[in-house]
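Student: Got a model open here. Can you walk me through it?
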Amino acid sequence: MLIQQYRNKVTGQVAKARKRADAAIRRFRSAKLSAKARVRALADAGQLREERDLDQAEQIAADREQPAELRAALIGQLAPRSARRAKTLKFLIERLGDEGEPAPVRAAAVSALKSAAFQAQGLANQRAAYIEALRSAADSDDRTLRERALGVLAREKDAPTLRRIEQSLRGQSDALVSPEKALQLLSYDPKRNVGDLLRDIVRNPPSDGARHQALRNLASDSSSKSLFTRLVRDKKEEREARLIAISALHTIDPDGIEELASEIASDQHEDEEIRGACLVAVATADPANAHPELREVATKLAGKASSRAARAAAKLYLDTPSK
Amino acid sequence: MTIGSPERRLETPADVLLQIQRAREDRSERAALVELLHDAHPVHQDRSAADVLRLRAFVMQAFGELGLPDSALPYVLGELESSRHAEGLAAAARALRGGEPSPEYRSVLERAAEVARERDEYVSFASYEAVGSSREGVIASAEIETTLAWISEATRAEPSRCCAPPPREAAGIRRIEARARASAETIAGSGLQDQSGALLKFGELLIGQPSIVAFFYTRCENPTKCSLTMAKLARVQALLERRGIAANVAVCALTYDPGYDTPARLRAYAAARGFKPSEKYRVLRAVPNDAELSAYFDCGVSRVGGAVSRHRIELFVLDSQGRIAVAFEQRAWDPARVVLEASNLLERPRPGHGLGAALSALALALLPKCPLCWVGYASAFGIAGLETFGPWSRPLLAALVILSAGTAWRRARRLRWYLPFAWVALGTLSIVVGGLGLRLEPAISLGAVAIFAGVVLSAWGPRLLWSR
């Protein structure tokens, strides 16, 4: 197809989409429609752009008489505006921190504010109120809201939040989220003194997911090298744990992983995906030194492995230039 | 570091709170609180970075009430310069108000206020466990603004009496007199590995010329600490080149995290920040571990599970014997200042230095040695040769040339510059073997010229080379 034809096609598609969006916005503006219909209209409209529409969105979002679903959808529309308008930012933070607001409204505010935080201006001058509102939302009975708020706080490395999460994993307070989720949140702060807790969870996991996450959290801990080496060598160990261990050793023992990974990759009685992961480890540890003797191993695996992941890994090894 | 007497060991937050109470009753107890600000204090070890931050902040803010000792100033100002945590910034701003106001703190506070606005949150020091909120707490930027207002008020209220410059300790620069410097013998044999994987000893690299050693680690998340340190070391390199003393000063970056920071990681980290490794400039890790070096430098670092938890900014200028001569601690350091301190440690000819060599050269100069001098003396006394001055002249001449050679050798070893000694040795051989042994007259003349040239080069060469 010629470029011009393609351009015309795309232009046509954009024009159609624009028409649909404009129609959706007109439906949204109609106060006669039900809340559900207006929410559907918003989904079709994409991002509201005109100031009058955003003003209306903010007005409806502030009206507690309106259905929570509609208010939540409109709060989602306010994210770009909040990045340039302190008043809208303040409005969203107040919705988030207000324990009397329905959970969907507060959860929508979390998402909208996360987006605002990425803007250049960020949360200028209102961060303290934002963090306080998040901490309040982290106490909510609503699981979705609680997890969203905790997720943001953990990424912000909020010390009181991370302390609570750690205490809940240690059984010193009520669980806020599942153990796997709690461990994932703790991983945002690698400088917590939780090595003992993580190793305990690896030994006595409440779930497979929690064990895997605990292993991932230990992946930056140099003192866990022997644990991961043992896991990699143990053929009776579950595959996921061994794959995490290979990745961890690549981080904490980049010099030592080559030899171990070469040995395992060459073992024809070994799991295919494990062999593939070891080939990748060898290839990426020091690409210039990719072992030529493993090329035969990789060639066979690329052609004959039943696992797609193993074939892809072997192909990556073969594509890595060697000395 | 000193951590107080056994009965006053502060090992838990509860001990720390008790110490704060003691300091309320007796101001002399503040010294133990200042020790707690040292990142290497035992109370911080194996504690999460967040907990260390909280503990230090809690101690620091107490100085706002207890009065701020001068020894705590570098910690407080360092926190304002490099912290990216609301708690630390608020505590430091509050602590500063426990001391004397100074307009010189304004720029540090203003920069801290910018950082605080990006990282602001409510903090509370009502109790150790207190979590800040709008009901109970302050925001960091407001605390900093309060301190700025306090300084403005002081300068406005009594302009003639305000404000004395900050005490010297505030700069965070500790200079150690030569006679008080701890010997580096204990660590001369400590193992190091550089960014290329080469293994060497501390003594090989850092003894024999002045050197600059800064600490960092690649997993540091604070851009105003390790990343900036490496970039500033690159600046130090450039300044040394400009002064023409790049070959005379070693520059090393040493990691706090030898287990993780492999040579490849060290190499990549340095390259990304403009530091150019070479024979004299290295990025290093201690092998097999950094216990000895940490102890020698009294590194300000706390660890959790073997990994680095928190650390201060620190850079050391070592003399040619590897001893710490100047320490830049806590505060952001200026590359030009560091280079100046290092260049001050370079060997300079001092009054009297090389005197022995100069005297022996002078004595040697008085003895007839040039062919014309011989002719002159011979004609004056009627006899050619050393017998002119009696039988003692040969042994005297031999003793003088040996003395001259010995002095030149000592100096060459100290400067690690052997060219002058080579001249002296050649001249000595010429006189002793050629002149006194084989009785070749020109050999004495030539030998004396060579010795004299070597001595002059040794005594004044370094000044000529390094005066730029």
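Student: What is the bridge partner of Glu314(B) in S12(B)?
Tutor: Glu329(B) is the bridge partner of Glu314(B). This is a predicted model, where local features need pLDDT of at least 70, side-chain atom pairs count only at pLDDT 80 or more, and totals for chains, interfaces and linings use all residues. Residues are numbered from 1 along each chain as its sequence is written, chains are lettered from A and ligands numbered from 1 in the order in which they are written, and side-chain values use heavy atoms, without hydrogens and water.

Student: How many bridges join S11 to S12 of chain B?
Tutor: Five, between residues 314-318 and 324-329, running antiparallel. Strands are DSSP runs (E, at least two residues), as are helices (H or I, at least four), numbered from the N terminus. Two strands pair if DSSP finds at least two bridges between them.

Student: What's the strand order in the open sheet?
Tutor: S3-S12-S11-S6-S7-S8-S4-S5 of chain B, with mixed pairing.

Student: Which strands stand at the edges?
Tutor: S3 (173-175) and S5 (199-201) of chain B. Each has a single partner strand, so one side of each lacks a neighbour in the sheet.

Student: New topic. Is helix H4 of chain B largely enclosed or open?
Tutor: Largely enclosed by the rest of the structure, because nine of its 10 residues (73-82) are buried. Buried means under 20% relative accessible area, exposed over 50%, partly exposed in between (1.4 Å probe, protein chains only). Tyr75(B) and Glu79(B) are among the buried ones.

Student: And Leu440(B), where does that lie?
Tutor: Leu440(B) is in the loop between H16 (419-437) and H17 (441-466) of chain B. At 46% relative accessibility, Leu440(B) is partly exposed.
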